[in-house]
Amino acid sequence: MFAVEAQRTMKTRNVLRRIFDLIDTDGSNTVTRKEVMKAMMEQGKAYEALRSSEYLREFASVKKWALMFDKMDDGDGAITISELISYVAIRAAHRKPPK
């Protein structure tokens with residue numbers, strides 16, 4: 001069971017990295033609220049990657065990102081991949097596993 005969970009965690013991290021890189025259009029290794037909102041509203045590759053992941057589907061929403069951004073942001077107006085991964089991990093720990 002542990003191996004399955006570890007594999008799922010690694011896969012989710014890889015998907016999050018891909019999504020983050022798609023949103024980070026200026027290559028700064030941080031994403032601003034503007035970059036996130038644009039990516040979600042355009043419903044392009046980042047949005048589709050979220051929608052295609054069983055564990056990340058709930059995050060494929062402009063409204064959800066608007067609420068999440070302030071929770072992830074440490075006050076500098078941008079989020080890092082570490083902040084995103086930490087937030088998703090905390091949310092996942094409080095979520096019921098899929099059947």
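With which residues is Leu84 in contact, leaving aside its neighbours within four places in sequence? In this predicted model, local features need pLDDT of at least 70 and side-chain atom pairs count only at pLDDT 80 or more, whereas totals for chains, interfaces and linings use all residues. Residues are numbered from 1 along each chain as its sequence is written, and side-chain values use heavy atoms, with hydrogens and water left out. Beyond the excluded neighbours, Leu84 is in contact (heavy atoms within 4.5 Å) with Leu16, Phe20, Trp65 and Met72.

Helices are DSSP runs (H or I, at least four residues), numbered from the N terminus. In soluble globular proteins, nonpolar side chains tend to be buried together.

Ala46 lies in H3, which spans residues 45–52. Because its relative accessibility is 5%, Ala46 counts as buried. With residues up to four places away in sequence not counted, Ala46 touches Ile19, Leu22, Ile23, Ala39 and Met40. The C-alpha atoms of Ala46 and Leu16 are separated by 9.3 Å, the two residues being 30 apart along the chain. Thr12, in H1, is likewise buried, with a relative accessible area of 15%. Under the exclusion of residues up to four places away in sequence, Thr12 touches Tyr55 and Leu56.

The axes of H2 and H4 come within 9 Å and cross at roughly 165 degrees; axes are lines fitted to C-alpha atoms, for helices over the stretch in contact, and angles run from 0 to 180 degrees between N-to-C directions. H2 and H4 are therefore roughly antiparallel to each other, a class that covers angles over 145 degrees. In their contact, Arg33, Val36, Met37, Met40 and Met41 of H2 meet Val62, Trp65, Ala66, Phe69 and Asp70 of H4. By class, this contact has eight nonpolar, no polar and two charged residues; Ala, Val, Leu, Ile, Met, Phe, Trp, Tyr, Cys and Pro count as nonpolar, Asp, Glu, Lys and Arg as charged, and the others, Gly among them, as polar.

Methods: Helices (H or I, at least four residues) and strands (E, at least two) are DSSP runs, numbered from the N terminus. Buried means under 20% relative accessible area, exposed over 50%, partly exposed in between (1.4 Å probe, protein chains only). Angles under 35 degrees count as roughly parallel, over 145 as roughly antiparallel, 65 to 115 as roughly perpendicular and the rest as oblique.
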